[in-house]
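Welcome! Let us take a walk through this structure together, one part at a time.

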Amino acid sequence: MTAAERSRRPPVFVLVVASLTVAFLAVPLVGLLTKASWGTLWRDLSSPFALDALRLSLICSLWATGLSLVLGVPLAWVLARTRLPGRNLVRALAILPMVLPPVVGGVALLLAFGRDALLGRPLYSLFGIQFPYTTAGAVLAETFVAMPFLIVTVEAALRSMDSRYEEAAANLGAGRWRTFRRVTLPMIAPSLIAGTALTWARALGEFGATITFAGDIQGRTQTLPLAVYLELQSNEGVAVAMSLALLTVSIVVLVSLRGRWLGAIRP
Amino acid sequence: MAGRHQAVSLDAEISVTVGEFELHLDLDVADGEVVAVLGPNGSGKTTLLRTLAGLQPLSGGRITLDGQVLDDPAAKVLVPPESRRCGMLFQDYLLFPHLTAVANVAFGLRSRGASKSEANDRALEWLGRMEVVHLAQSKSRHLSGGEAQRVALARVLATDPKLLLLDEPMAALDVGTRGSVRHRLRCHLAEFTGACVLVTHDPLDAAAIADRLVIVEAGRIAQQGTLKEITTHPRTTYIAGLMGLNLLTVSANGTTLTLPNGATLQAASPASGEMLVVIAPQSISLHLERPEGSPRNMWPTRVSEIHLMGDRVRVLVGDPVPVAAEITAVSLAELGLTEGSPVWASVKATQIDTYPAHGG
């Protein structure tokens with residue numbers, strides 16, 4: 001062994017700790033895979049209970065992702081492209097749900113949108129809209145928790161994009177909206193897609209805010225994570241099967257993001 | 001447009017403050033005229049173009065193009081960039097990387113209301129005019145610098161601007177391709193009927209392309225005029241340096257010129273008061289011994305720097321008269337000069353061109 005090779009070998013202690021970390025991350029997944037009763041997997045997943053949760057999870061998470069796009073992209077643009085006062089405060093507010101315990105988010109939503117609450121009461125008395133114990137509530141909870149991922153990703157992309165391209169578009173006669181659609185959006189597309197996928201994955205996995213704010217009603221607010229938690233106590237096989245479904249989704253998102261992120265780095 | 005007298009197309013009185021930097025200058029450009037704005041980095045050239053394009057609002061003054069007020073803070077008028085007819089060729093062209101060359105050119109046409117097929121046809125026509133129609137379907141990030149410049153020029157000219165703004169159009173190119181690109185750009189500009197402002201720090205670009213030069217230093221006009229006026233009577237050391245000339249400030253009393261450090265030179269024609277003196281580096285001779293014969297100005301000095309420029313050499317000498325002399329590489333070898341060598345410098349009185357420091 002040459003001197004150069006020897007000097008590059010990492011310290012043994014660090015390698016040992018790193019190996020333990022890998023084990024810590026991998027063993028639970030292995031546990032999930034070995035615990036699964038592969039023979040009954042399909043039957044477990046296609047039980048009415050699981051199908052309800054799956055269907056509801058898809059609907060809610062897609063709605064939450066769509067809402068996050070509609071509400072989050074304009075805010076990301078304002079944060080990245082304007083110099084309005086109080087931007088830093090708004091940014092902190094937008095990121096807060098990422099660090100806030102989701103159950104606290106759920107309580108906060110309940111206090112704002114509950115039937116007797118600040119916004120909830122007028123919404124119910126004027127429009128008959130109510131959130132607690134409804135699918136709309138589950139969507140709202142997921143949006144609250146997942147949207148920051150979109151805002152953060154899109155704002156970072158807008159900041160790192162050379163805004164002179166937008167000036168070039170304006171110089172060629174394109175108005176603000178046309179510039180945004182034809183130049184800004186395509187140029188941040190890789191990050192926008194990555195942010196959307198992250199947001200969707202987060203919405204799909206949402207548990208704390210949903211159960212606190214929207215409750216746990218099968219077919220209405222009981223999404224997959226809620227169903228997993230409930231089923232774990234009575235029917236472990238179904239819980240494991242549904243967990244595997246969620247794990248598969250996570251892996252697919254991760255793999256597709258990896259490509260996107262690498263793609264985004266290339267000029 | 002082709003009237004008997006050339007109407008002023010662009011009439012700009014610019015006053016803008018960006019952070020610590022201030023830019024104050026007046027600029028008039030007629031239709032069909034190309035004005036080059038030269039200046040060192042940070043002198044405000046790009047800021048000037050940005051105010052004209054509407055990307056940087058004025059703090060004071062007024063910009064009028066073809067009789068339309070574009071920016072007038074006092075009257076609260078500010079036409080947004082997309083509503084101006086001021087096409088800009090950006091320094092690194094800024095072709096949209098996600099679009100093909102033809103889609104880049106069509107972008108401006110579509111933005112100004114052309115239908116999809118009409119925009120596409122005209123974009124192809126403009127690419128043809130720039131002789132890059134074969135690149136129409138290439139993604140713009142795959143184009144070379146020269147190709148990108150032609151596509152960008154097609155993109156900006158296709159929108160039929162009244163004012164064309166060129167920001168350092170050669171800066172992104174290899175030195176080797178600049179000559180041919182410069183020639184091509186001049187040909188295309190000759191066909192352009194609007195007003196044109198070219199920003200550059202390269203006097204070669206200015207000389208090749210522009211009708212008139214405006215030299216900007218530290219946010220103000222240091223001098224303007226034709227290339228000939230500026231090369232014969234530069235007003236600042238930056239301009240003299242740009243043109244490769246020696247510029248000295250002297251006080252004249254008859255034919256005796258006194259430098260600020262007390263050294264004197266003899267001119268051929270008498271003058272008085274504060275004067276500028278320009279001496280071409282080629283007219284300064286260097287000798288190892290005190291020269292015999294006619295030159296009325298000679299002085300011993302030392303070599304401070306030597307710069308090789310192909311087969312010519314610039315030798316900078318120090319006090320009492322700090323100037324650059326230009327000699328051949330052969331003479332340099334014969335004289336055996338190195339930095340620090342003692343040397344005699346001489347210049348004929350008739351080679352000393354004196355003109356007033358103020359006005360003119």
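**A first pair of residues**

In chain B, Leu276(B) stands opposite Tyr355(B), which lies in E19(B). This is a predicted model, in which local features need pLDDT of at least 70 and side-chain atom pairs count only at pLDDT 80 or more, while totals for chains, interfaces and linings use all residues. Residues are numbered from 1 along each chain as its sequence is written, and chains are lettered from A and ligands numbered from 1 in the order in which they are written. Helices (H or I, at least four residues) and strands (E, at least two) are DSSP runs, numbered from the N terminus.

Now step back to the strands around that pair. Strand E13 (residues 264–279) of chain B pairs with E19(B) in the antiparallel sense, over 4 bridges; two strands pair if DSSP finds at least two bridges between them. An open sheet of 3 strands has the order E12-E13-E19 in chain B, with antiparallel pairing. Its edge strands are E12 (246–258) and E19 (353–356) of chain B, each of which pairs on one side only. From one strand to the next, the twist averages 45°. Axes here are lines fitted to C-alpha atoms, for helices over the stretch in contact, and angles run from 0 to 180 degrees between N-to-C directions.

Chain B also has an open sheet of 5 strands, in the order E2-E1-E4-E5-E6, again with antiparallel pairing. Strand E2 (21–30) and E6 of chain B are the edge strands. Let us follow part of this sheet. Strand E4 (residues 60–65) of chain B runs antiparallel to strand E5 (residues 68–72) of chain B, and 3 bridges join them. Ile63(B) stands opposite Asp71(B) in E5(B), and Thr64(B) has Val69(B) as its bridge partner. The two strands form a hairpin with 2 residues between them, and Asp66(B) in the turn has a positive phi of about 55°.

Moving on, E5(B) pairs with strand E6 (residues 77–78) of chain B over 2 bridges. Asp72(B) stands opposite Val77(B) here. This hairpin has 4 residues between the strands, and Lys76(B) takes a positive phi near 55°.

Finally, look at where the chains meet. The contact (C-beta atoms, placed from the backbone, within 7 Å) takes 15 residues from chain A and 16 residues from chain B. On the side of chain A, helix H9 (164–171) and helix H10 (176–205) each give two or more residues. The largest share, 6 residues, comes from H9(A).

Methods:
Contact = placed C-beta atoms within 7 Å.
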